[in-house]
Amino acid sequence: MMRIAIIGFGVVGQGFLEVLNSKKNELSELSKVKLVAIADPVKGSVYCEDGLDTEKLLQLVKERGHIKDYPAEECGWDSLKTIRESDTDVIVELTPTNIETGEPGYTHIKEALTLKKHVVTTNKGPIALYYHELMELAQKNGVKLLFEGTVVSGTPVIRFVQNSLRGAKVLSFRGIVNGTTNYILTKMEEGASYEEALKSAQSRGYAETDPTNDVEGYDALAKLVILAKSVVGIEMSPKDVKRTGITNITKEDIEKAKNQGKTIKLLVDFSLDKGKFKAQVAPTLVDKTEILASIRGVTNAIEFTTDILGKVYVIGPGAGGPETGFAVFSDLIELLTS
Ligand SMILES: NC(=O)c1ccc[n+]([C@@H]2O[C@H](COP(=O)([O-])OP(=O)(O)OC[C@H]3O[C@@H](n4cnc5c(N)ncnc54)[C@H](OP(=O)(O)O)[C@@H]3O)[C@@H](O)[C@H]2O)c1
């Protein structure tokens with residue numbers, strides 16, 4: 001039996017629970033999964049050694065916005081107590097990303113790995129900042145750290161390159177890994193100003209009230225670093241990446257690009273030459289004939305250039321509760337089947 005605890009029960013935590021609940025009768029492997037704990041400072045914390053009722057939890061959170069009324073054996077445990085004292089094999093770490101410190105995820109993940117518990121996370125901060133340290137800790141303790149959902153949500157990228165492209169060397173990659181900025185640039189191409197496009201993104205829930213992380217390229221930068229470390233195997237720091245956001249892009253820039261048969265995309269761009277790498281996040285002119293130019297709205301896409309296959313593309317949704325919840329789900333299936 002694989003006993004799991006969810007730390008952070010927001011959009012992704014609930015999305016994951018929906019996926020887990022809807023698939024429980026479809027995949028035989030899931031009979032070996034038991035959710036026993038959830039810890040969240042606002043939505044509530046519950047622990048039941050015999051397992052939690054996923055349907056009841058979903059109903060409660062939908063109706064009341066929290067799970068504090070769930071009849072649990074133990075209530076109100078904080079995240080660290082849950083990681084330390086719950087009888088669990090897997091910690092699913094889904095707290096907010098902090099790209100500067102990696103906290104609170106870094107402490108949660110370190111604690112779980114030290115206690116020889118597997119970790120599944122969608123939290124970009126700890127992986128972008130402490131990838132090598134955490135992977136070493138996992139290896140030393142004979143457990144796994146899986147983080148498929150940190151890049152392009154549930155669309156398989158990391159495992160796809162690590163497993164399906166194993167043996168083919170990734171020489172470079174570039175792509176659209178932030179749906180919010182791609183939505184804004186798409187709207188601007190349709191005639192909106194930057195401010196109008198940002199407002200539209202906010203009203204649809206694609207951009208936060210403070211959109212800095214997305215529009216200044218920090219979110220894309222973290223994903224670039226995670227990809228470079230995990231699929232290319234490079235040691236690098238977020239400080240090694242040149243970063244420019246999209247806040248200075250004007251309608252005139254978009255119009256000028258259009259007249260040249262091009263479009264402007266916020267691209268992550270990483271290349272390796274004779275052991276040296278170049279890495280940047282920047283608004284980039286992309287020829288209309290290129291696949292990346294056709295990626296509109298919140299969709300994400302990455303182009304990998306490999307030694308044997310040439311260019312290989314991964315295209316799909318880059319955010320959303322069930323979509324990112326599916327990344328957690330696929331990491332769990334990986335743990336169950338490997
Ligand atoms: N949403 C997406 O589409 C998406 C896609 C890819 C990756 N991600 C990443 O996945 C993670 C979760 O995203 P989300 O959208 O689910 O965020 P969210 O809706 O803000 O949920 C995070 C939850 O964690 C709680 N939390 C904060 N500190 C905690 C702690 N110390 N212990 C336990 N819980 C804590 C938060 O409570 P408060 O509200 O009180 O802070 C909140 O309820 C983030 O790192 C995000 O970057 C999200």
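Two strands are paired if DSSP finds at least two bridges between them. Helices (H or I, at least four residues) and strands (E, at least two) are DSSP runs, numbered from the N terminus. This is a predicted model, in which local features need pLDDT of at least 70 and side-chain atom pairs count only at pLDDT 80 or more, while totals for chains, interfaces and linings use all residues. Residues are numbered from 1 along each chain as its sequence is written, and side-chain values use heavy atoms, with hydrogens and water left out.

An open sheet of mixed pairing is formed by seven strands, in the order β4-β3-β2-β1-β5-β6-β7. Strands β4 and β7 stand at the edges with a single partner strand each, so one side of each is left without a neighbour in the sheet. Within this sheet, β1 and β2 run parallel and are joined by six bridges; Ile-6 has Ile-38 of β2 as its bridge partner.

Helix α4 has buried residues (under 20% relative accessible area; exposed is over 50%, partly exposed in between; 1.4 Å probe, protein chains only), among them Tyr-106, Ile-109 and Leu-113. They fall within an arc of 165 degrees, taken from the directions from the helix axis to the C-beta atoms, so they line one face of the helix. The buried residues of α4 pack against the elements below, where contact means heavy atoms within 4.5 Å.

| Element packed against α4 | Residues |
|---|---|
| α3 | 79-85 |
| β5 | 90-93 |
| β6 | 118-121 |
| α5 | 124-140 |

Just after α4, Lys-116 takes a positive phi of about 65 degrees.

Elsewhere, Asn-300 is found in strand β12 (residues 299-306) and is buried, with a relative accessible area of 0%. Its contacts include Val-152, Asn-178 and Gly-316.

Notes:
Lists of a residue's contacts leave out its neighbours within four places in sequence.
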